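Me: I have a model open and want to learn to read it. Can we go through it feature by feature?

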Amino acid sequence: MDGVLSYYHDRYGLEADGVLHLRDGRYALLEFKLGSFEIEEGAHHLLEIERLIKVFNEKEKQAPLRLPDLKIVITGTEYGYKREDGVLVIPIGCLKD
């Protein structure tokens, strides 16, 4: 994949540890959490950013922002899965070559 990684922080105090921007316009919001107890917090941050984008799009119909294509919490845990809210939980070990 050919893309660029950046960081997100807004005036509301929300932040994402990473944003992976692909050249075709798609992007993923990323949170890095070491343990399983922090997954909920990371997912909450990502979902709140997506919610704020939706609110912005309702107000600014002429220049809507694209919603994230993926919301991912990368963890130090063993198992990966997709949560009911659509957030992917991916063990960092799955990212190696």
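Me: By class, how many nonpolar, polar and charged residues does the lining of the largest pocket have?

Reply: First, the ground rules. This is a predicted model: local features need pLDDT of at least 70, side-chain atom pairs count only at pLDDT 80 or more, and totals for chains, interfaces and linings use all residues. Residues are numbered from 1 along each chain as its sequence is written, and side-chain values use heavy atoms, with hydrogens and water left out. Now the classes: Ala, Val, Leu, Ile, Met, Phe, Trp, Tyr, Cys and Pro count as nonpolar, Asp, Glu, Lys and Arg as charged, and the others, Gly among them, as polar. The lining has 11 nonpolar, 1 polar and 4 charged residues.

Me: What counts as a pocket?

Reply: Rolling a probe the size of a water molecule over the atoms shows where empty space is left. Here a 1 Å grid is laid over the protein atoms alone and a 1.4 Å probe is used; a pocket is an open set of points with protein on both sides within 12 Å along at least five of seven lines. Lining residues have an atom within 4 Å of a point. Grid points are joined across faces, edges and corners, and the volume is the space filled by probe spheres set on the points. The largest pocket holds about 380 Å³.

Me: Which residues lie nearest the centre of the largest pocket?

Reply: Tyr8, Leu52, Ile53, Phe56 and Leu65, out of 16 lining residues.

Me: Which elements supply at least two residues of that lining?

Reply: Elements are DSSP runs numbered from the N terminus: helices are H or I with at least four residues, strands are E with at least two. The suppliers are β2 (15–22), β3 (27–33) and α1 (39–59). The largest share, 6 residues, comes from α1.

Me: On to the sheet. What is the order of its strands?

Reply: Two strands pair if DSSP finds at least two bridges between them. This open sheet has 6 strands in the order β1-β2-β3-β4-β6-β5, with mixed pairing. The edge strands are β1 (3–9) and β5 (81–82), each pairing on one side only.

Me: In which sense do β2 and β3 pair, parallel or antiparallel?

Reply: Antiparallel, over 4 bridges. Val19 has Leu29 of β3 as its bridge partner. The two strands form a hairpin with 4 residues between them, and Gly25 in the turn has a positive phi of about 100°.

Me: And in which sense do β3 and β4 pair, parallel or antiparallel?

Reply: Parallel, over 6 bridges. Ala28 stands opposite Leu70 in β4, and Lys33 stands opposite Thr75. Strand β4 (residues 70–75) also pairs with β6 (residues 88–91), in the parallel sense over 4 bridges. There Thr75 stands opposite Pro91.

Me: Why is β3 largely enclosed by the rest of the structure?

Reply: Start with the cut-offs: buried means under 20% relative accessible area, exposed over 50%, and partly exposed in between, with a 1.4 Å probe and protein chains only. Strand β3 is largely enclosed because 6 of its 7 residues are buried. In β4, 5 of 6 residues are buried.

Me: Which residues have the most contacts inside the largest nonpolar core?

Reply: A nonpolar core is a set of buried Ala, Val, Leu, Ile, Met, Phe, Trp, Tyr and Cys residues joined through side-chain atoms within 4.5 Å. The largest has 14 residues, and Ala16, Tyr27, Leu29, Leu46, Ile49, Val73 and Val87 have the most contacts inside it. β2, β3 and α1 each give two or more residues to this core. Its largest share, 6 residues, is from α1.

Me: What does Leu46 touch?

Reply: Contact means heavy atoms within 4.5 Å. Not counting residues up to four places away in sequence, Leu46 touches Ala16, Leu29, Leu30, Glu31, Lys71, Ile72, Val73 and Val87.

Me: Is Glu50 buried or exposed?

Reply: Glu50 counts as buried because its relative accessibility is 11%. Glu50 lies in helix α1. Beyond four places away in sequence, Glu50 touches Leu67, Pro68 and Lys71.

Me: Is Gly76 buried or exposed?

Reply: Exposed, at 52% relative accessibility. Gly76 lies in the loop between β4 and β5. With residues up to four places away in sequence not counted, Gly76 touches Lys33 and Leu34.
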